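Grab a pencil, keep the 3D view open, and try each task before reading its solution.

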Amino acid sequence: MLDIKLIREQPEFVKQELEKVGFPGEDIDALLELDRRRRTMIHETESLKANRSVRSQEIRTISDPRQREAAVTEMRELGNRIAELEKEVNALEEAFQQLLLEIPNLPHPQVPVGKDEHENVIVRTIGTPPAFSFSPKPHWDLGEQLDIIDFERGVKVSGSRFYVLKGLGAQLQRALINWMLDLHVQEHGYGEVYPPAMVKRECLVGTGNLPKFGENLYRDVEDDFWFVPTAEVPVTNLYRDEILEPGQLPIYHVAYTPCFRREKMSAGRDVRGIKRGHQFDKVEMVKFVDPATSDAELETLVDNAEDVCRRLGIPHRVIQMCTGDLSFVAAIKYDVEVWAPGCQEWLEVSSCSNFRDFQARRARIRYRPSPGAKPEFVHTLNGSGLALPRVVIAVLEHYQQEDGSIMIPPVLRPYMGGKEKITWA
């Protein structure tokens, strides 16, 4: 959420910056008009309340019964007017807050200006795609031939975009999760948490998933619990409505959760294989930092995500999102993509973002720079470390052998009972 003071004081600057991410300037004008009416009515209401307080004191001094009755009637009418104004104020406040929550973050000055994903910038490419002496197969063929992915039973149990991992396929995914958690905890300095996979509505408001993107989420209607689209949601909200004391920052957390997203926006896309599903697993890194350090923290976050790719020995690249391809909440964002030779495409396995104080304002997460100092909003960052099942896809396709078997990356072998290869059962 943007600072309303900034919008009031620099409306043209805000409109100019939001134009870069495709947000209409007239919505800022509408917000400011709501703000003006809301503040005017609040002032009027408070003035009437003050007048009522004065008149209440005066009534006590009136001795004439008729004058006293007239004053009481006047006070009753004043009370009714105040009640009417308070209803109007509440309605304006609700409309104001709703519109404020639907305004995206301002782009970081370092973000390249562009209309859409075609104007994103490749920052670097690490590694070279392997040269096979045979035609590499896509993971859906490899998985079925090795009997480690069962698409038919996944559809039978849950419908399209679901699948079942079996045997060494299930073990490979579990090995990746455990290894990535250990890497981030033991070598990158994150503290592991295991949060709930269902959250309250206000948690999704805090991270920016609501109110704008509710149609992409799953929820339990009766209790208004929402299934998490990413561990970013519960982990960020661990500190909602809190003031962190001096010395607590930075805080780094890493978490594994199942994730749930409706794939309505991708109808007809990536229908083969396990690239895109309603349910998937992910290891997520979340940071709470001092605003002065958040840009440097983003670079470290990206490197932590890349380190997973480097140690797996899989070629990857880093893409900086242009303004037209930023997420609603990100001020600056980098994607990490791995090469899948069977699919013949780059697969996004991590999006690393600096939200600055955008999420912290929504979730009211503050810190004291020093003892006794006025609380300020923290900066939050997050990035996948990494997302499954796309890492599984990259491993299967990158390490496939001509006979259809899969070599297991050395870093994962201790997590797979020492096995070196996935072969037919």
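Before we start, one term: contact means heavy atoms within 4.5 Å. Also keep in mind that this is a predicted model.

**Exercise 1. Work out whether the span of helix 3 agrees with its residue count, then find what its buried residues pack against.**

Solution. 
- Step 1: Helix 3 covers residues 25-59, which is 35 residues.
- Step 2: The expected span is 1.5 Å times one less than the number of residues. For helix 3 that gives 51 Å, and its end C-alpha atoms are 51 Å apart, so the two agree.
- Step 3: Now look for residues under 20% relative accessible area, the cut-off for buried. In helix 3 they include Ile28, Leu31, Leu34, Asp35 and Arg38.
- Step 4: The buried residues of helix 3 pack against helix 1 (4-9), helix 2 (11-19) and helix 4 (65-101).
- Step 5: Take another look at arginine 38: besides being buried, arginine 38 lies over the face of phenylalanine 96, at 4.1 Å from the ring centre.

**Exercise 2. Classify the ring pair of phenylalanine 227 and phenylalanine 260, then the pair of tyrosine 239 and phenylalanine 288.**

Solution. 
- Step 1: The whole structure holds 7 aromatic pairs. For phenylalanine 227 and phenylalanine 260, the centres are 5.3 Å apart and the planes are at 65°, so this pair is edge-to-face.
- Step 2: Phenylalanine 227 sits in strand 7 and phenylalanine 260 in strand 9 (residues 251-260), 33 residues apart.
- Step 3: At 27% relative accessibility phenylalanine 227 is partly exposed, whereas phenylalanine 260, at 16%, is buried.
- Step 4: Tyrosine 239 and phenylalanine 288 are also edge-to-face, with 4.9 Å centre to centre and 70° between the planes. They lie 49 residues apart, and both are buried.

Conventions:
Residues numbered from 1 in each chain as written. Predicted model: local features only at pLDDT ≥ 70, side-chain atom pairs only at ≥ 80, totals over all residues. Heavy atoms only, no water. Phe/Tyr/Trp six-rings, centres within 6.5 Å; stacked < 30°, edge-to-face > 60°. Helix = DSSP H or I, 4+ residues; strand = E, 2+ residues; numbered from the N terminus. Buried < 20%, exposed > 50% of the residue type's maximum accessible area, 1.4 Å probe, protein only. Lys NZ or Arg CZ within 6 Å of the ring centre and 35° of its normal.
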